[in-house]
Structure formats: C-alpha cells, structure tokens
Amino acid sequence: MWKQSLRLTSCALSPGVGVRTGMSVADLRQSFLDNLFCSLGRVPMAATPNDIYTALALTVRDRVHKQGVRTMEARAAQEARVVAYLSAEFLPGPHLANNLLNLGIVEPTREALSEFGLDLDQVIDQEEEPGLGNGGLGRLAACFMDSLASLEVPAVGYGIRYEFGIFEQAIKSGWQVELTDKWLRFGNPWEIVRPEIYYEVKFGGRTQAVKDEHGRLQVRWLPETEVKGEAYDTPILGYRVGTCNTLRLWKAEAVESFDFAAFNHGDYYRAVADKVESETIAKVLYPNDELAQGKHLRLQQQYFFVSCSLQDMIRIHRAANRPLEKFHEKWAVQLNDTHPAIAVAELMHLLVDDHGLDWDTAWNVTRQTFAYTNHTLLPEALEKWSVKLIGQVLPRHLEIIYEINARFLDEVRAAFPGDSSRLSRMSLIDEAGERFVRMAHLATVGSHRVNGVARMHSDLLKQTVMGDFAELWPDKFCNVTNGVTPRRFVALGNRPLSRLITESIGEGWLSDLNELRGLEGLADDKTFQKQWREVKLANKVDLAELLKLRTGAVVNPESLFDIQVKRIHEYKRQHLNVLYIIATYLRLRRDPRIDVPARTFIFSGKAAPGYFMAKLIIKLINAVAETVNNDPAMDGRLRVVFLPDFSVKSAQHIYPAGDLSEQISMAGKEASGTGNMKFALNGALTIGTLDGANVEIREEVGAENFFLFGLTVEQVRELRLRGYRPQEVVEGNASLREVLDFIGSGVLAAEDRSLFRPLLDRLLNDDPFLVLADYQAYVDCQEQVSSLWRDQRAWTRKAILNAARMGKFSSDRSIRDYCEHVWRIKPLKVQSRSTGTRTRSDAAS
Ligand code: NBG
C-alpha cells in the first residue's frame, strides 16, 4: 500500500522521472529513445515511421500527463465546480503538434529529432486523426475542450470511443465512395485505458413497483440486457498553462466477456456472441449531419454514453463525501445538442431509483445541473424518438419522461389557462400520428439555460421552434456565439502568418485574440502588405501541392483561391457556387477576351451516405471540374478542384490558403458556421449571406470588408408568403437559363445524359433553399469580388482588417461567455511546470 502522504507529482523528483518529463533537448532525445526501445520494443534501425511517431507521441504524453496529475491534485483540494461537456461527437484533430505547441517545446523537439536525422514535420504528419464527429458540432466540442483547458476551467469532455469514426471519402468517377475509418489500426498513443473505471448500462426489460422498508413506493428496473462502458482518457492540455483536462470516451464491452455456460455446452460461437453484440454499441459513428434518423442503435449509443458519464460523476461526487442533494453545486453539465438529452431522465432515474432522493429534490438538482445548447433549426435535424422505441429500450425512462411531462404541463396550464393548443405544442410528447418524444423539449424543460450558437440563431430559436418556451421562461434563453481556437487554426495551421503576426505585435494574441487589433495600424503599410501577400502565397503553394498530390490537379497559386469547405448539403448551397462557375465558363468560352481574373474554385466536404442529392452535387462539381480543367481555353483562367476526404488535418492546409471564403447558405438555415471564422481569421474575405455568425463577422470586420448578397430571413419569409415560383426566376434571367440548359444538355455526363435531371427538377419545381432566387445577387456580388481582386493593395488591406478584427471569434471568448452566463464558474490556476524553455519563436512555430 502506498503511503497516504505520497503526492503523485513528488515522483517527478526521483532521478529517472526527471529525465522522463524534462524539457531540455537532451531529455527529449533520451526519452524518445527510451520510449522507442522500452515501450515499443524497437531499435532505431528497425523503426518504421509509425514507430517513430508513436515513440515521440509517448514522449510528449509523459510530459502532458505530469500536468494532468498536477491538475487533479490541485482540484482535489478545491470546491470548484466542474464542467462536464456531454457530446456524442468530438473532432479534436491530430494531437502531437498541438501538445508540443501548448507545452512550448516545438523547437527543442525539432532539435532533438534532427540529431537523429529525423524531420519533426514529417513525424507530425504521420498521425492519424480521430474522426469522431461529422462536422461543425464535433469540431466545436474540440475547440471548446482546448479553450476550457487554456482558460484553466476544470472540465471533462464525455463522449463515445467509436471504433470507426466518420467514413473516409474517396472519389471514383466523380462520385463519393465511403471507406471505413480504421483510425485505431496502428494504436492510439494518446489514450490511457482505465479498466478500473467502468459502469454497467441497462437496456430493455420492464419495471416493477415495490414498497421499500419505510412503505414508500419504489420503482425497480428489471433490464433484459446489460453492457459495460469502459473509460478511455485523453489528456487535453491548455496553451502554456498548467491545466490539463480529460476527454473521457466510453468503449462498450460485454459484462461477461465469455459465456461459460454456453462454452461448456460446446457452443463456442454463442459464448462470444454477447460480446460481439455489446461492442456494436460503440462500433461506428452515425455519419449523418443535421439529420435525425430514429434508429434503435443510435438511441442505445446516446443512452450508453450518457449513463456512463452520469454514473462517473456520481461516483466522483460520492467519493469526496459530498451529498447528492448538492450534485449541481459540483457539476455543470452541458448538453451538446439533443444527442445527450436523455441525460435529464437518466439523472432522475439515478437520483430517485438508485439513490433514494425524493422526486422534487431530484428534479431541483437536475434542472440546476443541466444546460442545453441548440445547434440547428432544421426540422429534419430535431430529434424525436418514437414512444414505442423508448418504451422498448428504456422502459423506466419513458415512465420518468411521462412524469416530468405531467408536472410540466401543469405548470403550462397554470401560466396559460385554457390554452389547449399551446399544451399540445409544448408537450414532451408529439401526439399527432405515431407518438414521439421531442428531445429538444425534454432538454429545455430539464435545463436552467438554453442557448443558440450565434445571435441570429438564438433570436430565431426564441421566435420559432422554442417560441412557446421562451414565453414561459424568458430568462432561460441566452446566446453564446461560437468561436474557434486560434492555436490550432492559426498557430499550427498557418505558421507563416503566425510568425508574421508575432513579429509585428508580440505573441500575446494566442491567449488574447483581441490583441490582433494591433494589426489594424499596419493595414496600409506597404512593407507589411507585401509580407502579408508573401505569407498567403506560401500557403497557397502549400495547398496547391496537396491538391496535386491528392487529385493530380495543377493549379496556379497566383490565381484567386475561392474556397467552399463544409459538409455537402442543399441548404449550404454548394450548387449555387457551381452555377456561377458554369456561368463564368460559358462567358469565357463565348468571349475569350473578357477580363476575368484567374480563379481556382476549391471544394471539400462529405455527403451523408444516404443523402442522394448531396452526392449528386459532388458528382456535379467533379463533372464541371473535368470539363473546365480539360478545356485548353481555360488554362491560366479557371480551375475547379474537389479535394476528397475533408478532415481537421486537411483543413489546416486549406483555411490558411483561402482568398475568398464561401458562406452562402440560405438565410435562416446555418445556425452559426465556424469555417467562416477560420477563413476570416486567416485573412480571407467572405462572400456570404446574412446567416448564422456571418452577421456578427460582418459587424466586426466592417460591412465594407465583407461581400454581402442575398435575401434576408425577413425577405425569405415574405417571398414564401407571396408564393415562390422558381421557373419565373429562370424565365426572367437568360444567363441563368443558359446555365441550367447547359447542365440539362447532358454534356457534363456522357455516360448518362439525364444524370443531373433530379437536381434540375428540384431547383425548377421546388427549390427549397432559394438557390435560383439568390442567383443573380450572387453573380453580381462575385463581380465585385473580381474587381477588388484586380487591386491587390486594396484587397490586402481588407484581408488584414478581417484578420485584425476577428478577436471576438476565439473559442476562449465563447467559453468565458458560458462560464459567466451559463455555468457560473471561475477558472482555477494549476501550477505549471517549472522547467523548460518557452521561446518567442515557439509561438510562431
Ligand atoms: C451545426 C450547425 C452549424 C454550427 C455547428 C456548431 C449541427 C446540428 N449543427 O451552423 O449547422 O456552426 O452546429 O454549433 O450539426
């Protein structure tokens, strides 16, 4: 047994551990060799690139881990509230470079490796990223984890350790093909498995009411099956601070990994069948973005990770001898969209059924514990679970939901007597047709705060889907505009820019992004402008190399890089962009002498595998690319490239290279967007609608530095009321007609001339996202883009001003807003390591 008084960090005082976590070049070199030999069993001569990467990752992890221990020790002595960020998705991106940056040891590590003839950047590139998310929602969770640690807020991220993350996208004959993402195939040096931390999660069966020894009614859940959730921890270190938080992901396992009874009867397959079935729960991420599908397994996944996470919090809470009546004083649980919303019923179940709290006390604790973030207004993305399904999978939770609903509807009745249509609108149960549980209602009723992710989105939330709730509880609703971490998206992704900024205004901007304002004074400075353009060109050369490597396309880095990267979705309107490309192509063909600046249109993004129209849009982009790129008349003028398999890793090459950022969703549809922030922060100008966070970006950077076009939310509403007929738009616009006819003519698809018919039919007969209605405004706005591009000094000035004014969109600011308005939490300082070198050049490396 260890001595009680032995503090874990005091181990660091022993000579061996000192080397193991030291920050000098010599220490790093020695630990790297030790890890290669002792942890991986390799000698340098026989090491593969993956061995080298893994040995370095372990070397860095040792140092990060030390901070993790310090963080735990500092917290044990405190009463501080802890944030638990519950999210079905996390898209952290590769960890190695980020941890080196945060520790401040990029340069010493580079030096240590160079002594073996190894190149740090190549080793970094070896890392396979965990693609445990679909898009913006999962990436936001990762930015928030980075900011929570960097601001020294005590926090745990809870989610699922999917064995297969978001599929890998390949393009074959222009079509998207999905391949399994085997991200764990070479192991994952960042995670630490904690076999001693596991919970049992029940499914199915029935409930039984019994009287306890005091004669009180108790409900027991008699499940049909049980699954075990095992903790896998990834340390999340803050930027140049002592705090190291944890991302705890749950892996599903069978409770009994081997059924001996079956085995003894000689049925080997049955003996392991249970194991296989249990593990299915955490097998694969559902690849739908903004689409709720109501699948049995998805509900199991949601409940699985929520139950493990809440049981974990309760265990930690009780281990510190704290009463469960005060659970909410210790834990602030954030529901990242409705995916974890079943947590409201689960906490009630745990408190009432397992821990004997009375309903009112438990409900008070629950409501003060949870807060809910809504990320979408799209009706198809709002989760509803059929009552039948919940009854089958979680019978006890269905009863609890009914009870919550009955009490809630009493409250509504008291506030709005006699308003029965309001009751049915607000009920947790949708009674029209097959009955459904509305998860956004459950999350709202069970939370003390509900927020949207950009000002406009939060306002629309209160006016539309949550209107009745906002009337009942006006103070419950607030806004927290999204943000992005400048550490990953500038310091790591854009080293040349990072260096230039740090040379000009010092390195403070990476911790306080508002310091970028210091660049405003340089916006007209000729020398600075020249350096700025050189940086942008270097990034475009880098992206051009990637495009060549991945697609074979050769593009001119001097041309305007016009980029749209995000999930492929009709509301995001990649096809509006394509219509403009075709219009430009046809113009150039007709009259080669017209002065159109050379442009390279770059797309990247995945389509949900079952979303036919989105896949057809990918095919269209590739068909246009093929036609345009193979037409010698377009050489040096127009290029179109679709970069397959968008990821955090490729994004780090893309955002820094953007001249023009396409943010062209139909107004009212994009809740926030975060790619819009990443581009502008890297000095791209935006062409965009008044949607999501575009509104606030434009406000910050100045209307004169933003290319605005398109119908507003208000105008969209009016147009719909008047009656929108897309065909009339086409009749009145010869150039649009020509573009659509070109697609319809079949020249883009020799194999099947009617290939794009469904897309044209959708636009001409329905056009739910007003692509045609916004077409002319978009084309006109693109003309303004071209004419500004001709004046490189004016363009550069605006680009600098864009970056300089993006301070608001740091995820640090978002997290501070959550701390103040939602969680009521203050940061807690953790002692940082005392050794190591933090050089100025590190900030820019
Ligand atoms: C997405 C929105 C984006 C937003 C991210 C992060 C969902 C359900 N919503 O606009 O579409 O930026 O969430 O908030 O994925």
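Biologist: Which residues of helix α4 are buried?
Modeller: This is a predicted model, in which local features need pLDDT of at least 70, side-chain atom pairs count only at pLDDT 80 or more, and totals for chains, interfaces and linings use all residues. Residues are numbered from 1 along each chain as its sequence is written, and side-chain values use heavy atoms, without hydrogens and water. Helix α4 spans residues 96–103 and is mostly covered, with 8 of its 8 residues buried (buried: under 20% relative accessible area; exposed: over 50%; partly exposed: in between; 1.4 Å probe, protein chains only). The buried residues of α4 are Leu96, Ala97, Asn98, Asn99, Leu100, Leu101, Asn102 and Leu103.

Biologist: Which residue takes a positive phi just after α4?
Modeller: Helix α4 covers residues 96–103 (helices, H or I of at least four residues, and strands, E of at least two, are DSSP runs numbered from the N terminus). The positive phi just after α4 is about 75°, and the residue that takes it is Gly104.

Biologist: Is Ile664 buried or exposed?
Modeller: Ile664 belongs to the loop between β20 (660–663) and α26 (675–681). Its relative accessibility is 1%, so Ile664 counts as buried.

Biologist: Which residues are in contact with Ile664, leaving aside its neighbours within four places in sequence?
Modeller: Contact means heavy atoms within 4.5 Å. Lys619 lies 45 residues from Ile664 along the chain, and their C-alpha atoms are separated by 20 Å. Once neighbours within four places are left aside, the residues in contact with Ile664 are Gln564, Lys572, Arg573, Leu576, Asn577, Ile687, Thr689, Phe709 and Tyr778.

Biologist: How many disulfides does the structure hold?
Modeller: A disulfide is a pair of cysteine sulfur atoms within 2.5 Å. The number of disulfides that the structure holds is 0.

Biologist: How far from Cys143 is the nearest cysteine sulfur?
Modeller: Cys143 is in no disulfide. The nearest cysteine sulfur to Cys143 belongs to Cys819, at a distance of 16 Å.
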